[in-house]
Amino acid sequence: MQRAKTLNKNSFQNFLVIDTEGVEVLREIAVIDHQGKLIYEAFVDGHERNRSIHHSRKSLEQIVRDLAVIIAHKTIVCHYAEHDRGVISRSFAQAQIPHPQVTYLCTCELAKTYLPHAQSYALEHLSKILNLQVNHQYFHDRHAHVARYDAHFTYQLYRQLQQLQAMSQLSTTPNPFSSSRVDNPFQDHLDFQEIYAAEFATLKSVLLDVKNDPNQQSKGALVIGEAGSGKTHLMMRLAKEFLRTNRLLFIRHPNNAQSVIYHTYSRILESFAERVPLREQDQNQDQDQNQDQNQGVEKTPAHTQLELLLSNSLIKILSSTDKFINTQKGRDIIAALENNSLSLYKRLGADGTQKNRDNWQSIEKYINDWWTERYTGAGYSATILKGIIRFCSYTDSGKKELVRRWLAGHELDTEEATSIGLENWSENLSREEFALEAISVFGRLSTLDEPLIIVFDQLESLGLEQNRDILNSFGSAVKEILTHVPNSLIILNLFPDRWQQFQGFFDGSVVDRVSQYTIKLNRPLETKLKNILSLKSQSIGLDIETLFTPLELGDILKQKSIRAVLNRAAEYYRSKAHGQPVPKKNIAVNPISSTIPNPSDINHNSNVLARLEMLETTVRKIATLLLPFAQGEGLTSFLPPVDSINPALVNSNISLTNPAPESDIVTTYLSQTRQTLEEEYDQVTVIDDYDDIGKLKAIVNAFQQCQNIEVSQVRLGRSKVPENLLLTINHQDWAIAFLNLGGSAFTAKIKRFNECVSRLSSTNFYLIKDHRSKQINIGTIGKENIDILNKAKNGAFILFDRQKRIDFELLYRLIIDIQEQDLEVDLSKALPIAARHLRDDWLVQMLGKPLID
């Protein structure tokens, strides 16, 4: 037997509460489990004080035998544990039964640690000052010293002490409310599914409508909600439920009017790279197949969305193609894939073997024949499908990356294109036309699988005046996608006022189709918001009633959105854990301030508990003020004892201040977002010059609030030069261009760029290439032109390394998040703070120098 002096993880769950009655040995015993349920009660038969008891009477030996089973290897919680321990031990000895291994924990001793100022540590006194209840009844003396009664109150006391211990450890416990924002549907956040259950059911029904449409026509859905209402969170729920069957494609806001469809396609490629957890049956089948082929092969990793789409659709095409199934090779392949389409990636022969190549070439041939017969061989679609099959056929990461770049429409070096067996794209590729056909290919493949879910999010900034051209292009792009991409549910997440605005720019047919289904996310009921808080707080072993006072909880729950509620809870948590002041947000009363609260500050609709809390706080403040006088006059009996006050209030260190300065908010945001960008850096990313120039333009537009910046472009007649902006700042011209291509396209464009450098000698030229695309073959002539650029007095080739890229993305994301109202700070106040934070960054040095001087 051991005696525990402190609480640990085991004593929070694997415990029993026991109360015994008896002097030397047991007369009566009750056992409560960790959920507060009475699981055992017994009275010693023949004891003179048990004559009136007519149930649960047993011999002492039988009770001890029962206990030996019940308490083995458990933590036993008792009040005055020394007494109960002695009674139980002597009872085991008298019955001549070995005492099992247990650990005893005493709530009396724990109370001395967490309630050091209590006047008494009797169960009766502690139950009363902590307002403990059993079956909605407070502790009453006449029921005391009954094992069941005392055990139930000991359980309540122990739970309260657990809460107090958890409160004392907040400074080392992660803030459960701080991670409240869902940035994309592929993240994993706590999801309270009662929130927007009906709205989610509507989304599911729309998806079913798409699936059951005999014409396989795409449908639109609007999800309308204010900032922080949970639009993206709802998309995350959609992903969690449907990602194993449907492909979910997430598109953040476009930023370049010339490239909206290509931007959409690029984000689709990134979404297709997301891995999907295998269903249990698929895991079992894969493991069985692995064992058949090679004993000891490790568990099959999750496949990407693209691999799932292709395997499901290809199997259906091949199974329905007579020419294929009438060949021996075709029958062998179908047999290998019969029970699990994902076997496509494991059972066609080892990578690099002739068998593997022959099987994939056969599949590619019959799929191409089927496609050209059903659709057409003209345009880009058949070629794109060939590239998709090639991507999925390779396991070599280098070749997969080459095909990924090819699928993005990037020109490869001739040797690179040959190595993957794909014909190179030309420099004159129509990006928007190519991208639309590529998206259409995915839609057509999905008709053999399940509908695509295409989500457009973070669209609010398109409503700004400077983005009017992008909004017009976006409306046209949505129309093209609805027209040419079948079997898809297209979702737009928007603020209510933004949708009203967008309708003035969209084609009438787009408005009708997009708003076929409108789902409004209204602010949830307070009870549901409280449940969210409860789920969050339970992750650290606390109840919200213990973590927050009724007044604090009332302030938290009156915030305008789900995100605002969680952010407010996070502020209170930081105050309790680290002493950081809580910014004022029209709070009714500060429960632990040095002044007595004004009743007129309390909302008359506040609940009774909040009013009682205010009254209790007032009494405590009066007692504190009168204590010196009362002690001097011998009148202390008229004052309430210190330990009769809610210990959560006594120990609270909440401090309310004026709203937190923008510097704190922005600095915290930059730190957290930088960490996110670091984590995202190595993920699959389609690096695109149009996207980067759009980001640069958004950054420049923001800094135009701080100083005069003229914006234009460098042109070289009809010749194509790298995507660029020409900035004039204080009579100095700066040309910033991006060039992440490879092959002959890189060589041709950098030659023209150098020609511009030579012609405009008074302009400073920067040509930027992302470090992650360094493996792209730019050839000998390309390298020579980089040297020419660097040797020019007014030119520089900048390799965007990890630090430069993250700084660039951090600045851009700050601006967009403010415009999207994801960060509630005025942009004009945030920019100087960000500029000082990034004072060494080359772009901030150029655009924000007045802000950091």
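A: Contact here means heavy atoms within 4.5 Å, and helices (H or I, at least four residues) and strands (E, at least two) are DSSP runs, numbered from the N terminus. This is a predicted model, where local features need pLDDT of at least 70, side-chain atom pairs count only at pLDDT 80 or more, and totals for chains, interfaces and linings use all residues. Residues are numbered from 1 along each chain as its sequence is written, and side-chain values use heavy atoms, with hydrogens and water left out.

Q: OK, which residues of H15 meet H16?
A: From H15, Thr383, Ile384, Gly387, Ile388, Phe391 and Cys392 meet Lys400, Val403, Arg404, Trp406 and Leu407 in H16. By class, that contact has 7 nonpolar, 2 polar and 2 charged residues. Ala, Val, Leu, Ile, Met, Phe, Trp, Tyr, Cys and Pro count as nonpolar, Asp, Glu, Lys and Arg as charged, and the others, Gly among them, as polar.

Q: And at what angle do the axes of H15 and H16 cross?
A: Roughly 160 degrees, with the axes of H15 (residues 381-393) and H16 (residues 397-407) coming within 9 Å. That makes H15 roughly antiparallel to H16, a label for angles over 145 degrees. Axes are lines fitted to C-alpha atoms, for helices over the stretch in contact, and angles run from 0 to 180 degrees between N-to-C directions.

Q: Switching topic: is Ile18 buried or exposed?
A: Ile18 is buried, with a relative accessible area of 1%. Buried means under 20% relative accessible area, exposed over 50%, partly exposed in between (1.4 Å probe, protein chains only). Ile18 sits in strand S2 (residues 15-21).

Q: What is Ile18 in contact with, leaving aside neighbours within four places in sequence?
A: Its contacts there include Ile29, Val31, Ile71, Val77, Asp84 and Ile88.

Q: Where do Tyr80 and His731 lie?
A: Both are in loops: Tyr80 between strand S6 (75-78) and helix H3 (81-94), His731 between strand S20 (723-729) and strand S21 (732-738). Tyr80 is partly exposed at 43% relative accessible area, while His731 is exposed at 81%.

Q: Last one: how many helices and strands does the protein have?
A: 35 helices and 23 strands. Buried residues make up 54% of the 853 residues.

Technical notes
Parallel < 35°, antiparallel > 145°, perpendicular 65-115°, else oblique.
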